[in-house]
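The sequence and structure are shown below.

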Amino acid sequence: MNQLRWDPTLGEWVAYATHRQDRTFLPPAEYCPLDPTKPGGFPTEVPRESYDIVVFENKFPALSPNATEAGGGATSGASAVTAMAPGRGVCEVVLYSQEHDSTLAEMPEGRIRNLVHVWADRYEELGSLDFVEYVFVFENKGEAIGVTLHHPHGQIYAYPFVPPRPKKELESARAYHAANGSCLHCDLLAGELEDGRRVVFAGEHFVAFVPFYAHFPYEAHVYSRRCAPSIADLDDAERRDLARVLKRLLVGYDELFGFSLPYMMAMHQAPTDGGDHAGLAHFHIEFYPPNRTADKLKYLAGSETGAGAYVVDVLPEHTAGTLRGAVEGAGL
Ligand SMILES: [Zn+2]
Ligand SMILES: [Zn+2]
Ligand SMILES: [Zn+2]
């Protein structure tokens with residue numbers, strides 16, 4: 001059952017997907033459901049002997065294209081204050097490679113470029129569905145983030161609403177545009193380039209930097225230099241450079257502490273709600289690694305979770321310098 005419940009105190013939806021609890025399939029420990037199906041072996045999610053990049057619909061989705069009003073249930077206690085809606089949307093899994101032990105950082109730039117094309121394709125196709133208002137591309141990587149499947153993969157959630165964080169970003173951009181007549185993100189990027197201290201790697205079309213206001217010590221944002229609203233707006237040269245900058249940032253991440261760094265990746269871009277987001281939405285990717293040091297993690301504790309106020313124990317200028325050194329040290 002896929003259901004949305006409205007939190008009127010925060011003004012946001014919470015998605016319930018109760019069937020996710022019903023997962024009964026317990027594969028043998030050495031069996032990876034995301035590997036290609038070996039001849040005569042266990043059937044995996046990919047019934048092929050080999051593959052490059054694969055996208056498939058999540059079998060236990062947080063949101064389902066078939067969710068109906070009936071899924072709400074008459075006894076759930078929806079009222080004028082606490083509204084309810086079907087959890088209608090699409091959840092996809094994106095397999096980056098058939099190599100089980102690989103990571104995005106280890107992949108050749110050419111494959112990352114193909115992945116950029118896949119992301120753009122999914123953004124357009126899912127975004128064209130009438131019930132989809134926001135296509136969110138993301139990746140959870142590493143056990144520290146709670147990942148149980150180590151096969152290199154990301155996910156896409158196509159939401160029937162614009163989720164709170166991108167929504168807040170768009171509202172800030174709208175207010176900034178009204179006051180200054182320019183794109184908030186374009187001006188932020190210009191400021192970072194001018195200052196230079198937090199820039200991690202500057203490509204021809206994309207720039208990776210630790211933002212002035214980073215919420216995590218090694219948080220990094222990858223901004224398009226051009227004010228492109230979405231990944232679908234990027235031309236070939238821009239897609240190529242995005243792959244180049246991502247590769248360098250990710251290799252730098254792995255150099256930092258000498259192990260494959262866990263992170264959450266989030267792509268922010270124009271909603272697909274039919275509105276005009278030019279000059280407000282500016283395509284970028286954000287990375288949030290949980291590590292403060294090699295063996296210390298930043299937890300979202302009382303202040304972050306209960307008050308929404310982040311406390312960080314190191315300045316972005318400092319971590320950006322370390323990360324820039326790691327990228328340069330990797331010598332790509
Ligand atoms: Zn695998
Ligand atoms: Zn812009
Ligand atoms: Zn953002």
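## Overall fold

The chain, seen here as a predicted model, contains 6 helices and 12 strands. Its C-alpha atoms occupy a box of roughly 55 × 55 × 40 Å along the principal axes. A compact globule of 332 residues would have a radius of gyration near 20 Å, and the chain agrees with this because its own value is 20 Å.

Of the 332 residues, 37% count as buried. When contacts between residues at least 6 apart in sequence are considered, 69% of them join residues at least 24 apart.

The domain assignment divides the chain into domain 1, residues 2-159, and domain 2, residues 164-330. The C-alpha centres of domain 1 and domain 2 are 23 Å apart. Across the boundary, 28 residues of domain 1 are in contact with 29 residues of domain 2.

On the side of domain 1 that touches domain 2, α1 (109-127) and β6 (134-141) each supply at least two residues. Helix α1 gives the most to this side, with 10 residues. By class, the side of domain 1 that touches domain 2 consists of 15 nonpolar, 6 polar and 7 charged residues.

## Helix α1

Helix α1 comprises 19 residues and spans 26 Å from its first C-alpha to its last, close to the 27 Å expected at 1.5 Å a residue. Which residues of α1 are buried? They are I112, R113, L115, V118, W119, R122, Y123, L126 and G127.

An α-helix has 3.6 residues a turn, so residues three or four places apart point the same way.

## Helix α2

Helix α2 covers residues 164-180. With 17 residues, α2 reaches 24 Å from its first C-alpha to its last, close to the 24 Å expected at 1.5 Å a residue. The residue that follows α2 is G181, which has a positive phi, near 75°.

Note on methods: Residues numbered from 1 in each chain as written. Chains lettered and ligands numbered in written order. Predicted model: local features only at pLDDT ≥ 70, side-chain atom pairs only at ≥ 80, totals over all residues. Helix = DSSP H or I, 4+ residues; strand = E, 2+ residues; numbered from the N terminus. Rg over C-alpha atoms; globule rule 2.2 N^0.38 Å. Buried ≥ 20, exposed ≤ 12 C-beta atoms within 10 Å, placed from the backbone. Contact = placed C-beta atoms within 7 Å. Domains from an automatic or database assignment. Nonpolar A, V, L, I, M, F, W, Y, C, P; charged D, E, K, R; others polar. Expected span 1.5 Å × (residues − 1).
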